[in-house]
Amino acid sequence: VLLFEGIDTVAEVFLNGERVGASDNMLVEHAFPARGLRAGANGLVVHILPAAVEARKRDLPAGCHALAYNYDSLALRKAPHMFGWDIMPRILSAGLWRSASLLAPPAERIEEIFLFTRSIDAKRKSAVLKAWFKVRAGAGDIGGYRLKISGACAGSEFSCEQRLWSAAGHMEIRAENCLFWQHRNAGEASLYQVRAELFRDGALLDEYSFRFGIRTVALERTSITDAAGSGEFCFYVNGEKTFVLGTNWVPLDAFHSRDGERLAPSLALLLDSGCNAVRCWGGNVYESDAFFDFCDEHGILVWQDFAMACAVYPQTPEFAGMLRAEAEKTVKRLRNHPSLLIWAGDNECDQAREWSGNGMDPNRNALTRELLPDVLAAHDWTRPYLPSSPYIDGAAFADGGERMSETHLWGPRDYFKGPYYAESIAHFASETGYHGCPSPLSVRQFISGGKQWPPGNDEWNVHAAGMTAAGGPYAYRIPLMAGQVRTLFGGDAGNLEDFARMSQISQAEAMKFFIERFRTVKWRRTGIIWWNLIDGWPQFSDAIVDYYFRKKLAYFCIRRSQQPLCLMCAEPARGLLPLVAVNDRPSDAAFRYVVTDCFRQGETVAEGCGEARANSAAPLAEIPVPAGGPAFLLIEWTEGAQGATGTAGAGGATGAGGAGGATGTKSATGAGGAAGAGGAESEKKGRNHYYCGAQPISLPRYLEALRLCGFDEWEGF
């Protein structure tokens with residue numbers, strides 16, 4: 001068998017001059033019979049046809065709709081972004097972008113193993129597992145065949161063996177003394193090494209090994225919500241509410257043959273930034289097994305879109321056939337990964353029906369309402385499924401699509417604390433972001449010398465990502481970035497260095513606000529997946545790490561805002577700043593804290609001790625809003641420090657706290673450093689900041705505050 005893991009995109013395959021197969025899907029693997037293979041040298045030819053030319057041969061109905069450069073993408077199964085996107089250039093690559101190999105599978109073999117958790121009993125540490133199997137057996141009596149499935153993890157084991165009465169079926173396995181797979185922040189991501197063995201008359205015919213996590217996942221969701229929060233969008237892992245802190249995973253490179261070399265450092269950033277989840281965006285390719293193996297190992301939850309984005313796709317039998325084959329292969333490849341949290345039918349295609357102007361109800365989309373649910377019902381019914389993100393179901397469509405429980409927060413992209421962002425009622429944001437200019441060193445790597453300053457020329461537009469040197473649908477992105485700088489600082493920068501710093505500060509404060517706005521009211525809001533971690537080509541964008549792996553200031557702010565135990569300020573009300581303790585871990589945490597104002601010679605504005613209950617958020621103290629101008633508050637805490645005690649009463653709090661989950665005392669007693677260090681080895685220190693005050697910000701003053709805090713983490717300046 002000839003196995004191609006990735007052919008981009010339309011191709012014919014010839015072995016020794018004989019045509020053995022064809023492909024028209026970049027996104028999945030293709031296997032062809034190696035007919036005519038001979039000893040010694042063989043000739044293998046993969047004849048690749050131009051994707052755009054092939055797309056012209058396929059009819060599109062008038063009901064289709066796409067972004068400006070993307071109509072050809074509706075005719076082919078090629079990564080949508082490659083036709084031109086606001087974050088990626090139009091590069092219609094061609095070639096073999098993943099490995100090719102020659103396989104010789106045994107005639108009698110295991111063809112499918114799908115192991116899943118049917119139920120768990122956390123208190124008894126037990127679980128009921130089921131395994132779907134499909135084997136290739138000989139033509140004779142099947143009575144001599146036996147299948148054994150066994151798993152082991154750190155002293156915990158399970159095993160089941162049975163004779164076969166059919167070539168396909170289910171096996172039920174009871175597991176005791178289980179080690180459960182937990183997402184990051186909730187515990188260990190325990191993985192069992194599983195081995196499936198096929199025997200005939202006692203002789204081993206074939207075996208298949210993989211890793212498996214014992215866990216359950218569920219989604220509680222309502223169609224709409226309101227300002228009072230009478231709705232829900234919350235994931236449960238092993239029956240426990242899960243607050244999602246994640247990033248959108250976009251193309252690692254414009255040329256996907258280079259994805260492999262960029263994968264490991266990008267995954268390291270994902271882990272280091274404090275995420276417990278990642279959303280694989282629908283405009284991309286499906287990620288490699290290495291990506292999912294990493295997420296399995298580190299407890300990273302994966303939201304997986306099917307590869308459709310921002311369009312109204314053809315409802316034709318031809319397209320449906322391509323999508324069904326793709327979905328079946330993708331689901332079968334990924335379904336054994338415990339990190340896989342949810343399937344989503346597409347990215348923003350429900351909204352695209354509104355953009356198209358034809359007024360069609362997105363619930364008439366048979367691809368995501370019928371075809372993909374049918375595939376999942378057949379091959380993976382164990383996870384939640386959303387037809388789109390955001391999902392405009394019948395109730396949301398009738399309501400006007402403005403009160404959905406899960407949404408993408410882009411809007412006007414004006415001041416990040418403006419009404420659009422600050423007054424959103426959504427429980428869950430699966431996209432939101434803000435522009436940040438790359439460092440001067442990076443800009444100088446992709447903009448030629450005479451055009452690095454001022455912004456807005458043809459090279460800046462191309463890297464924004466415009467498909468033409470001037471104008472075009474995405475030309476707004478450079479003025480947008482400049483406008484966000486002007487909004488925060490009250491004026492324009494005079495040089496590239498100042499512009500990049502001001503833009504990165506704007507982005508950092510915006511991303512910090514978005515994340516902390518959701519975390520401080522944990523369980524009223526249940527998760528945020530921000531846009532995005534890293535660029536796939538040199539550009540001006542919302543990414544917090546540029547194409548050259550240089551981190552923007554937002555990276556470091558996000559890393560602090562996503563600490564599992566984090567103290568942060570909510571927005572002021574009635575002249576007071578609520579200080580909130582957020583704990584995403586499964587155990588209570590006691591700590592001492594001190595809050596100082598860097599704009600006022602380190603004056604202490606609050607200090608005390610507190611306890612944050614497990615998996616909760618609650619007010620800790622209230623700090624008077626400083627009079628006479630802005631404040632830059634440095635928030636420090638020491639977990640496990642001497643004197644860090646307190647007991648949270650059931651459903652309440654003591655001291656200056658509030659309802660549910662944190663206790664604390666607050667004072668304002670002059671200058672001071674971090675309280676109660678104690679020197680114990682178990683102590684863990686945390687730091688965060690909050691800028692309080694209206695714009696415009698003084699750049700020199702803000703930079704000095706960063707320096708005093710040790711938060712002047714600039715790369716490439």
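## The second largest pocket

The second largest pocket of this predicted model is lined by 40 residues, and Glu348, Gln351, Trp355, His408 and Trp410 are the ones nearest its centre. A pocket here is an open set of points on a 1 Å grid over the protein atoms alone, with protein on both sides within 12 Å along at least five of seven lines; a cavity is a set of points where a 1.4 Å probe fits but cannot get out, and lining residues have an atom within 4 Å of a point. The space in the second largest pocket is about 910 Å³. Such a volume is the space filled by probe spheres set on the points, and grid points are joined across faces, edges and corners.

Helix 5 (349–355) and strand 24 (406–409) each give at least two residues to this lining. Helix 5 has the largest share, with five residues. Helices (H or I, at least four residues) and strands (E, at least two) are DSSP runs, numbered from the N terminus. Sorted by class, the lining holds 19 nonpolar, nine polar and 12 charged residues. In this sorting Ala, Val, Leu, Ile, Met, Phe, Trp, Tyr, Cys and Pro are nonpolar, Asp, Glu, Lys and Arg are charged, and the others, Gly among them, are polar.

## Basis of the model

The model is predicted: local features need pLDDT of at least 70 and side-chain atom pairs count only at pLDDT 80 or more, while totals for chains, interfaces and linings use all residues. Residues are numbered from 1 along each chain as its sequence is written, and side-chain values use heavy atoms, with hydrogens and water left out.

## The largest pocket

The largest pocket contains about 1700 Å³ of space. Its lining has 44 residues, and Leu3, Glu29, Tyr208, Asp289 and Arg333 lie nearest the centre. The elements that give two or more residues to this lining are strand 9 (109–121), strand 15 (203–212), helix 2 (259–272), helix 3 (289–298) and helix 4 (317–334).

Strand 15 supplies the largest share, six residues. By class, the lining of the largest pocket has 20 charged, 15 nonpolar and nine polar residues.

## Cavities

The count comes to five cavities of 30 Å³ or more. In the largest cavity there is about 70 Å³ of space. Its lining is made of Tyr415, Phe416, Lys417, Leu488, Glu509, Tyr691, Gly693, Ala694, Gln695 and Ile697. Six of these lining residues are nonpolar, two are polar and two are charged.

Two strands pair if DSSP finds at least two bridges between them. Strand 9 and strand 10 (residues 126–136) run antiparallel and are joined by 11 bridges. Leu115 has Ala131 of strand 10 as its bridge partner.

Another open sheet has three strands in the order 16-17-18, again with antiparallel pairing. Strand 16 (217–221) and strand 18 (240–242) stand at its edges with a single partner strand each, so one side of each is left without a neighbour in the sheet. Neighbouring strands of this sheet are turned by 35° against each other on average, direction ignored. Five bridges join strand 16 to strand 17 (residues 233–237), and Arg221 stands opposite Phe233 in strand 17.

## Helix 11 and helix 12

The axes of helix 11 (residues 477–489) and helix 12 (residues 496–519) come within 9 Å and cross at roughly 80°. Helix 11 is therefore roughly perpendicular to helix 12. Axes are lines fitted to C-alpha atoms, for helices over the stretch in contact, and angles run from 0 to 180 degrees between N-to-C directions. Angles under 35 degrees count as roughly parallel, over 145 as roughly antiparallel, 65 to 115 as roughly perpendicular and the rest as oblique.

Helix 11 makes the contact (heavy atoms within 4.5 Å) through Met481, Ala482, Gln484, Val485, Leu488 and Phe489, and helix 12 through Phe499, Met502, Ser503, Ile505 and Ser506. Eight of the contact residues are nonpolar, three are polar and none is charged.

## Backbone exceptions

Most residues other than glycine have a negative phi, and most peptide bonds are trans. Asn185, which is not a glycine, has a positive phi of about 90°; Asn185 lies in the loop between strand 13 and strand 14 (192–200).

The peptide bond from Trp531 to Asn532 is cis, with omega near -10°, and Asn532 is in the loop between strand 26 (527–530) and helix 13 (553–561). The bond from Gln695 to Pro696 is also cis, with omega near 10°. Pro696 is placed in the loop between strand 34 (684–692) and helix 14 (699–709).
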